[in-house]
Amino acid sequence: MKPAADRPLRPSTGPSPLLVQHASAVLVIGQLLPPSARPLQVEQATLERFSALMAQNGWSAHVSRLAFDRIYARERFAIARRRGGPELAALGDELLEFHRRGRAPRR
């Protein structure tokens, strides 16, 4: 495996389906909860897009943490809004509004 410094940075896209078996215990990690069951009710694809745009601008944004950690999410959205390029700033502004309301508007 390459050293960490030699590997390219990739945005976090949340947990991937994974099966871990240790002795008789089995841990299954599936997709994130549906948006209606998360503290920040935004589609996972939107958070993945935000994470990718943040990575392109040199900042990290972990999808799982954006979905479940409201303080972290607010900090990331505010950084994107203030310092990101036009597309990232617009998405950060939109997500910050979702954060304030607690959920995305119904379409």
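**A buried arginine**

Author: Arginine 76 is buried yet has no salt bridge; the nearest side chain of opposite charge, glutamate 75, is 5.2 Å away. Buried means under 20% relative accessible area, exposed over 50%, partly exposed in between (1.4 Å probe, protein chains only). A salt bridge needs a side-chain nitrogen of Lys or Arg within 4 Å of a carboxyl oxygen of Asp or Glu. For charge, Lys and Arg count as positive and Asp and Glu as negative, with His and the chain ends not counted.

Reader: What is the source here?
Author: This is a predicted model, where local features need pLDDT of at least 70, side-chain atom pairs count only at pLDDT 80 or more, and totals for chains, interfaces and linings use all residues. Residues are numbered from 1 along each chain as its sequence is written, and side-chain values use heavy atoms, with hydrogens and water left out.

Reader: Back to arginine 76. Which backbone oxygen lies 2.7 Å from a polar atom of its side chain?
Author: That of serine 60. A polar contact is a pair of N or O atoms within 3.5 Å; within protein, one must be able to donate a hydrogen and the other to accept it, and residues adjacent in sequence count only if both atoms are side-chain atoms.

Reader: And what does arginine 76 touch?
Author: Phe50, Met54, Trp59, Ser60, Ala61 and Leu66, not counting residues up to four places away in sequence. Contact means heavy atoms within 4.5 Å.

Reader: Where is arginine 76 found?
Author: In helix H3. Helices (H or I, at least four residues) and strands (E, at least two) are DSSP runs, numbered from the N terminus. The chain has four helices and two strands, in the pattern β-β-α-α-α-α.

Reader: What caps the N-terminal end of H3?
Author: Aspartate 69. A side-chain oxygen of aspartate 69 lies 3.2 Å from the backbone nitrogen of isoleucine 71. Aspartate 69 also forms a salt bridge with arginine 65 (3.2 Å, N to O).

Reader: Which residues of H3 are buried?
Author: Tyr72, Ala73, Arg76, Phe77, Ala78, Ile79 and Ala80. H1, H2 and H4 are among the elements covering them. Phenylalanine 77 counts as buried because its relative accessibility is 0%.

Reader: What is phenylalanine 77 in contact with?
Author: Leaving aside neighbours within four places in sequence, Leu40, Leu47, Phe50, Leu66, Gly92, Leu95, Leu96 and His99.

Reader: Now the core. How many residues has the largest nonpolar core?
Author: It has 20 residues. Those with the most contacts inside it are Leu47, Phe50, Met54, Leu66, Phe77 and Leu95. H1, H2, H3 and H4 each give two or more residues to this core. A nonpolar core is a set of buried Ala, Val, Leu, Ile, Met, Phe, Trp, Tyr and Cys residues joined through side-chain atoms within 4.5 Å.

Reader: Switching topic. How many salt bridges does a search of the whole structure find?
Author: Four. One of them joins arginine 49 and glutamate 87 (3.4 Å, N to O). Arginine 49 lies in helix H1 and glutamate 87 in helix H4, so the pair ties together parts that are 38 residues apart in sequence.

Reader: What forms a salt bridge with arginine 81?
Author: Aspartate 93, with the closest N and O atoms 3.5 Å apart. Arginine 81 is in helix H3 and aspartate 93 in helix H4, twelve residues apart.
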